[in-house]
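I opened a notebook on this structure to record what I looked up. The entries go from the interface to single side chains.

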Amino acid sequence: MIHVDHLSKRYGAVEAVRDVSFHVAPGEILGFLGPNGAGKTTTLRVITGFLPATSGTVRVGGADIFDDPAAVKRQIGYLPENPPLYPELTVREQLTFAARLKQLPRRQQKAAVDEAVARAGLTEVRGRLVANLSKGYRQRVGLGQALVGAPPLLILDEPTVGLDPKQIIEIRDLIRALAGDHTVVLSSHILPEVRATCARVVIIHHGRVVATDTFATLAARLRHTQKVRVAVARPGPALVERLGALPDVVAVSPDGEGAWLVETPVAADRREQIAQAVVEGGYGLLALEPRALSLEEVFLELTTEDAAPAEGTP
Amino acid sequence: MRGTMAILRRELRGYLISPVAYVLLGVLLLLGGYFNFDIVTYYAAQSLRSAQFPGMAEEFTAQQGIIAPLFSSLAVILLLVLPLLTMRLLAEERARGTYELLLTAPVNLTAIVAGKFLAALALYTALLGMSGVWPAYTATLLPLDWGAVAAGYLGLWLMGAVFIAVGLLASSLTQHQLIAALAGFAILLLSWVIGWAGHNVEGEQAALLKYLSLLDHLENFFQGVIDTRDVVYFASFTGLALLATQRVLDSQRWRA
């Protein structure tokens, strides 16, 4: 459904998103998790065509956002972080405007709006002015607006920010109920939020993807392994094999030119053995440093309290 | 241009709900009414005098004595009022965040600019229509050349299109409506008075300044003359401002 490849976005000198790649399968609910300022909103804005990418490609359902933005946008129902609503319109009018903007055929507009009203739980407030609605209801109107025309892909940016716990639960249930019919990408900086709704998660930190996996796998990896970065002057063919053969080493993965990451269980510090193996092999050891798992850093920065007040995500 | 109609309709609705349009209508009618009263009273006094000196009467038709001065006054009022009508068009969308809705809908920038422009133009056309009460009043007193009046209205309408396009451009540059109004007003005032500088220079420079001046292109219309050169001037000024607006919006996406 979504293919994001090597996406980068600069704001002047600031690189908000760096070489981000991930794919989303049809029907999947993907969590887009990262601390405030990680680049979540920027990434979503590029996917939805609000901002152009500095480099990299985004394709949604086969259409490229750069070559055919309208084809991409037609497939997406987008709820930005602040629901884009006109206070002077009633709920129905707001959704009707969305239906017209999406250029649904005239005859289908009314049915599409009615359906979105029903699915977002807006029946009771459909005649009220957006200006007079509570924050929770506005969020629902935003969600209803995204649902108009039943687009195959829903992109929801921090859909529960600023809501009270009861509203959060309602919105979450709503999102889960949508899961069957839509592919959903949900961004959040709150760990339990994503865990409650998403099977798979992309974790982003300082503009980079640090992990893409299911929650279960991530949790396992997080608890059990650490990484050591080894840089050598003369990489030889047998180096990887040699490192892999060391006791307790779980995996050896390349990390740029002439460098590898050696993964070991947390309990076993094998730096000494690694150094010895490199020196004995005559590879010319240049550096050996424990790599704090970036995933771990991210998790530390994530809000783990449910329903904590959060504001000021860019 | 898909989506233009959706934007146009919402925009018009926004105008009709907000008090701004009504206040502007009130201002237009109040000031216009005052000017019309003043002009008609003056004309009456003049025609009384010219009855004593028959030579004057021929040069003093209702078109020259009432309609043209009325339209000139209306043009000045519109110069002040229209930037206030257009200031919110894009600045408000930006400030409210609804701009994100427009840009992530399957609608291109040209359709957005067109929808906004046409909505303001439609409202302006309605406002302008209401000023018809004054020529209609004059017609109860004197015979009027309706063709000439229509030419004057065409001039005002074309001028309004320029004002709206320029106001839209100003509104694309900022999130602040007040700044948009001031910027729009500044550009319009400059193009209004630029012809005056023509008096200080000679030759081609003077001709160029005169050509650029809004005011000089209005005169013919107010005298009841439709000159295609004037029409082309207003149409191209409008088109240029709209194109610039579209380019500004596009470049903002890339610089954001």
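This is a predicted model: local features need pLDDT of at least 70, side-chain atom pairs count only at pLDDT 80 or more; totals for chains, interfaces and linings use all residues.

Entry 1, the interface. Residues are numbered from 1 along each chain as its sequence is written, chains are lettered from A and ligands numbered from 1 in the order in which they are written, and side-chain values use heavy atoms, with hydrogens and water left out.

Entry 2, buried area. I noted about 2,700 Å² buried between chain B and chain A, with carbon and sulfur atoms giving 61% of this. Buried area here is the accessible area (1.4 Å probe) that two parts lose on being put together, summed over both. B:Glu100, B:Leu101 and B:Pro106 supply 25% of the area that chain B buries against chain A, more than any other three residues.

I found ten residue pairs in polar contact across the interface of chain B and chain A, both residues at pLDDT 80 or more. A polar contact is a pair of N or O atoms within 3.5 Å; within protein, one must be able to donate a hydrogen and the other to accept it, and residues adjacent in sequence count only if both atoms are side-chain atoms.

The rule asks for a side-chain nitrogen of Lys or Arg within 4 Å of a carboxyl oxygen of Asp or Glu. A:Glu88 and B:Arg10 meet in one of 3.0 Å, N to O. A:Glu88 lies in the loop between strand S6 (76-79) and helix H3 (91-101) of chain A and B:Arg10 in helix H1 of chain B, so the pair joins two chains.

Are these two residues buried or exposed? A:Glu88 counts as buried at 12% relative accessibility, and B:Arg10 is buried at 5%. The cut-offs are under 20% relative accessible area for buried, over 50% for exposed and partly exposed in between (1.4 Å probe, protein chains only).

A:Glu88 also meets B:Arg96 in a salt bridge, 3.0 Å from N to O. I traced a network of salt bridges that links A:Glu88, B:Arg10, B:Glu11, B:Arg88, B:Glu92, B:Glu93, B:Arg96 and B:Lys116.

I looked up A:Arg172 and A:Glu193, whose side chains meet in a salt bridge (3.5 Å, N to O). A:Arg172 lies in helix H6 of chain A and A:Glu193 in helix H7 (residues 191-197), so the pair ties together parts that are 21 residues apart in sequence. Both A:Arg172 and A:Glu193 are buried.

B:Gln46 lies in helix H2 (residues 19-52) of chain B and counts as buried at 10% relative accessibility. I found its side chain joined to that of B:Arg49 by a polar contact of 2.8 Å.

Terms used: Helices (H or I, at least four residues) and strands (E, at least two) are DSSP runs, numbered from the N terminus.
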